[in-house]
Amino acid sequence: MDTFGNFPPSQTPNRNVIRVFSAVIQEVSRDRNTTLVTISYNNCIGCGRTPGTVRLVVNQDTTILDERGRNIRASELERGMTVDANYSTVMTRSIPPQAQAFFIRVTRRGNRTETTIGRIIEVNTRNDFILVLRNQNPSSAIRFNISPETVILDPLGRRIRLSSLSAGFRVRVEHATFMTASIPPQTTAFTVRIIR
């Protein structure tokens with residue numbers, strides 16, 4: 001075979017392949033016969049650094065499987081899904097870098113989410129949360145709990161740590177649809193991205 005696309009991750013030849021596990025799809029864009037899928041990951045074999053973000057080029061040479069191991073089309077990939085992926089070590093120097101995807105397997109469908117844009121007024125690294133004001137009114141504050149699965153991104157889409165956030169940053173938070181009845185209300189953040 002010319003590509004490694006027909007091998008599951010455990011059987012993919014090791015040369016020229018990067019493997020990531022439990023990556024989260026951040027963005028999906030389509031153009032004719034090619035789909036670009038931006039993923040963020042913490043668990044990687046062959047990439048030399050973690051965490052990271054990469055834009056995968058998905059085309060007819062990419063094998064895509066759902067949770068049950070059935071073939072699916074690139075059009076079924078959605079933001080918020082968790083995937084395992086194998087892709088080429090040959091990458092562009094763009095931010096994020098771009099590489100050919102050989103294999104993608106969906107391991108979990110995305111949760112229903114809502115998006116909130118606001119300004120951080122507190123970062124608590126001890127208890128893993130941020131407090132965000134949606135507007136100037138203090139009653140608009142929401143506490144977003146940060147879990148190990150929460151993806152935190154800088155304005156260029158690069159992964160950063162909770163400790164890199166500061167009060168005053170404007171952020172877009174994708175979060176669970178439920179909120180506690182507490183004051184301020186609390187919910188789980190899936191993605192936090194600094195915006196300009």
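Good morning. A contact, in what follows, means heavy atoms within 4.5 Å. With that in place, I shall present this structure, which is a predicted model.

Leaving aside residues up to four places away in sequence, Thr-187 touches Ile-142, Arg-143, Phe-144, Asn-145, His-175, Ala-176, Phe-178 and Met-179. Thr-187 lies in strand β12, which covers residues 186-194. Is Thr-187 buried or exposed? Its relative accessible area is 1%, and because buried means under 20%, Thr-187 counts as buried.

Strand β12 leads us to its surroundings. It pairs with strand β11, residues 170-176, in the antiparallel sense, over 5 bridges. Within this part of the chain, Val-173 has Val-192 of β12 as its bridge partner. Both strands belong to a barrel, which 5 strands close in the order β8-β9-β10-β12-β11, with mixed pairing. From one strand to the next, the twist averages 55°.

I turn now to the chain as a whole. Its secondary structure consists of 12 strands and 0 helices. Of its 196 residues, 44% count as buried. The chain exposes about 10900 Å², of which carbon and sulfur atoms supply 44%. As for contacts between residues at least 6 apart in sequence, 59% of them join residues at least 24 apart.

Next, the interior. In soluble globular proteins, nonpolar side chains tend to be buried together. Here, the largest nonpolar core has 24 residues, and those touching the most other members are Val-20, Ile-39, Leu-56 and Ile-104. Two or more residues of this core come from each of β1 (17-31), β2 (34-41), β4 (52-58), β6 (82-91) and β7 (98-108). A second, separate core holds 14 residues, including Ile-120, Val-171, Val-173 and Ala-189.

Which residues does Ile-104 touch? Beyond four places in sequence, its contacts include Leu-56, Val-58, Leu-77 and Val-83, and also Thr-62, Thr-63, Ile-64 and Leu-65. Asp-84 and Ala-85 are among them as well.

Finally, a word on confidence. The average pLDDT of the chain is 86, and 89% of the residues score at least 70. Where is the confidence highest and lowest among the strands? Strand β9, residues 129-133, is highest at 97, while strand β3, residues 43-45, is lowest at a mean of 81. Over residues 1-13, pLDDT stays under 50, and for this stretch the model has 24 contacts beyond four places in sequence.

Thank you for your attention.

Notes:
Residues numbered from 1 in each chain as written. Predicted model: local features only at pLDDT ≥ 70, side-chain atom pairs only at ≥ 80, totals over all residues. Heavy atoms only, no water. Core = buried A, V, L, I, M, F, W, Y, C linked by side-chain atoms within 4.5 Å. Buried < 20%, exposed > 50% of the residue type's maximum accessible area, 1.4 Å probe, protein only. Helix = DSSP H or I, 4+ residues; strand = E, 2+ residues; numbered from the N terminus. Areas by Shrake-Rupley, 256 points an atom, 1.4 Å probe, with all protein chains shown as cover. pLDDT = per-residue confidence, 0-100. Pairing = 2+ DSSP bridges. Axes fitted to C-alpha atoms, helices over the stretch in contact; angles between N-to-C directions.
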